[in-house]
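Subject: Structure handover and notes

Hello,

Please read them with the model open.

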Amino acid sequence: MQAIDPEVEKKLLVKEYRNLLKALRPNLEPGEKKEIREAFALAMEAHSGMRRKSGESYIFHPLAVANICAKEIGLGKTAIICALLHDVVEDTDVTLEDIEIKFGSKVANIIDGLTKIAGVVGKTNSIQAENFRKILLTLADDVRVILIKLADRLHNMRTLEAMGRNNQLKIASETLVLFAPLAHRLGLYSIKNELEDLSLKYTEPIVYKEITQKLQQSKIQRNKYIRKFIEPIQESLSELNFQYEIKSRPKSIYSIYSKMKKQDIPFEEVYDLFAIRIIVDSGPENEKSDCWRVYSIITDYYKPNPERLRDWISVPKGNGYESLHTTVMGQQGKWVEVQIRSRRMDDIAEKGYAAHWKYKGDEISGTDTNLEEWIKRIRELLENPESNAIDFMDDFKLNLFSDEVFIFTPKGDLITLPAMATALDFAFDIHTMVGTHCLGAKVNHRLVPLSYKLKNGDQVEIITSKKQKPTEDWLNYVVTAKAKSRIKASLKDEKRKIAQEGKDYLIKKFKNADFGWNNANIQRLVHYFKLRTSIELYFNLGVGAIDRSEVGIALKFFELSDKLGRGQTSKKPDAPINGKKPVLKAPDIVIVGDDTDLNYTFAKCCNAIPGDDIFGFVTISDGIKIHRTNCPNGIRLMSNYGYRIIRAKWSTDQIKEIRTFPAGVKLVGIDSIGIVSNITDIISKELQVNIQSITVSSIAGAFEGSIILYIYDLEHLEKLIEKIKEIKGIESVSRFQVEETVTGEEP
Ligand code: MN
């Protein structure tokens, strides 16, 4: 870094600032100068002490960018203020809010856009064209963002010398791939050419140097040729009283390089090294006819190549370019390209649409009002895939209807999410931990709920808290599969953790009460609390849905009921224990067939079927057993353990669809050939009833059989019996108690 004399620097700065005001002057309204001064002062202050790689004070950069915006793009006050402040939010303590308060929301919006681009373009190692398009799309809202960014890039390219080789390569190739085509698309031809040439200078320094030198060497010869070429034209134009200017410029270095590469030819063989441009100062009403008159004059002297006539005056290019191009045969058999256009057309070609307002002809030309109109046209251009030029942004329109939203992180990274994605989806996309601890979100610096639906260009900041955990609700807030699966996993995890806590507590409690930690005892507790599974029990305990003191009471009750079960005492178990409220909380009624949370099974001793009178009996380790009221076993239970009886009844019809019950049928009849298959046919095929077993014995022409079949309810069984009675040879049919060999049926 070289030492810089602060006095010299100050003078230079003043000079540059004056240049800016000079460039703006025709476009400024009273009071606007003051605003620009304020922006400049703020930028100065914010960047004070900062220096660029080149060693110069940082403020030179935003000032240069503002100058490019004013002079080379033709932007007005708002854009100039933004250009001056474009690096302030990104690089200094000044916030977007500060800017909004001072300069209003429009300026703040544009600077926000510029900061976002800086985040994406500057911070990633290789920005992809695809991402870049997305960024532009999200920011196309105010095209000034893109124009200021182009000016920023142009100045950075002009001062790229100071950067290290790696950065030079990165920035230069980025410029070539992204920014130059963008400038072209917007009709900013001189900026596009300069960006390309500068890129080549750093990406292909040897070739660049070679072309530059050869252009220099051939300059004298070329100038001589041009002079000779335009001589007769100048004479004719003057005779006809044209106000005109003739420019002859060598083609851009990059375009010569492209041609050499494309056609695989050396520099010497690129024939159209230069183009001659004739600019006529004609009023809007004459410009078209004047251009064609010039064409006519040229072709009086030189033979045109009809295949290379381009009329972009009658039909301008999509980006607004207007000009008449022809290639004619000059002296020594050399082809020369001639561009014919009016002053207005030339301005537009050089500065893009920004030059349009100059030709609007109204009093307040150059103010932001006219600029708005121009910006609207650029936007149309960006969004219109049918415009020709290069196809760089041709899929803009497609993207407009895309089912994705593009979101920025606080650091400016770009994240793509499906449309309808919420702030919570975003959080999970960042990281699972960010998602699970997501407490809230700030979108564009404002607090929003987790369910906030993200919009293109939103900048989202997630607020987390270590204490935060996902809840079931969250599943309704998210659309991405990632967020959904993470929330579910977390909920499950959480449940497991809570259950483990409950289980740990229970193990301790069992130990203290000297109660065996085994499945039977756990099941007793499960039934006691009217739950289905041990996990439910643990979870309810862990989460506090079951009061822990209740567990102690339950264990006491088990102890007591075990004694009662052995018939030792007549003490009622629901008598207050230790002065506490009764603890037996048996359900009032079991609705059999309803999908209740009560755990019941059918006692195997009587196999109740729907319609039978039934009751429930609370067993100690096997839940509630349903018995028929007339079950001999049940009667014994009722008389001995009345307090463990629960009323039970059948639920309504729906049960028929789901469940069948085994029932026994006894048959007596006359043995005849095929009677058994006859019976089974009728039962299984005609009545569609499943048979569990069938036994038949026959003695001297008579037979006796028992069938166990599955029926829906009592009514069903009765119908079945009637049907069987009709079979030829059947004498009597009756129901019998299905008595399976029941072992270990506990009371
Ligand atoms: Mn910058």
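Predicted model: local features only at pLDDT ≥ 70, side-chain atom pairs only at ≥ 80, totals over all residues.

Residues are numbered from 1 along each chain as its sequence is written, and side-chain values use heavy atoms, with hydrogens and water left out.

Largest pocket

The largest pocket holds about 1,400 Å³ of space. A pocket here is an open set of points on a 1 Å grid over the protein atoms alone, where a 1.4 Å probe fits, with protein on both sides within 12 Å along at least five of seven lines; lining residues have an atom within 4 Å of a point. Grid points are joined across faces, edges and corners, and the volume is the space filled by probe spheres set on the points.

There are 42 lining residues, and Lys192, Asn193, Lys251, Ser252 and Ser255 are the closest to the pocket centre. Elements that each supply at least two lining residues include helix H10 (165–185), helix H11 (189–203), strand S1 (244–250) and helix H14 (253–263). Helices (H or I, at least four residues) and strands (E, at least two) are DSSP runs, numbered from the N terminus. H14 gives the most, with 8 residues. By class, the lining has 16 nonpolar, 10 polar and 16 charged residues, where Ala, Val, Leu, Ile, Met, Phe, Trp, Tyr, Cys and Pro count as nonpolar, Asp, Glu, Lys and Arg as charged, and the others, Gly among them, as polar.

Helices and a loop residue

H11 has 15 residues and reaches 21 Å between its first and last C-alpha atoms, close to the 21 Å expected at 1.5 Å a residue. The expected span is 1.5 Å times one less than the number of residues. Buried residues of H11 include Tyr189, Lys192, Glu196 and Asp197; buried means under 20% relative accessible area, exposed over 50%, and partly exposed in between (1.4 Å probe, protein chains only).

In helix H9 (residues 144–158), 13 of the 15 residues are buried, so H9 is largely enclosed by the rest of the structure.

Lys317 lies in the loop between strand S4 (310–311) and S5, and counts as buried because its relative accessibility is 18%. Lys317 and Gly187 are 130 residues apart in sequence and 9.2 Å apart in space, C-alpha to C-alpha.

Aromatic contacts

Rings of Phe, Tyr and Trp (its six-membered ring) pair if their centres lie within 6.5 Å; planes under 30 degrees apart count as stacked, over 60 as edge-to-face and the rest as tilted. The count by this rule is 11 aromatic pairs. Trp517 and Tyr538 are a stacked pair, at 6.5 Å centre to centre and 25° between the planes. Trp517 is in the loop between helix H22 (481–512) and helix H23 (519–528), and Tyr538 is in helix H24 (residues 534–543), 21 residues apart. Trp517 is partly exposed at 33% relative accessibility, whereas Tyr538 is buried at 6%.

Tyr528 and Phe558 pair edge-to-face, at 5.7 Å centre to centre and 80° between the planes. Phe510, Phe515, Trp517, Tyr528, Phe529, Tyr538 and Phe558 form one aromatic cluster.

Arg548 lies over the face of Tyr505, at 4.3 Å from the ring centre. The rule is that NZ of Lys or CZ of Arg is within 6 Å of the ring centre and within 35 degrees of the ring normal.

Regards
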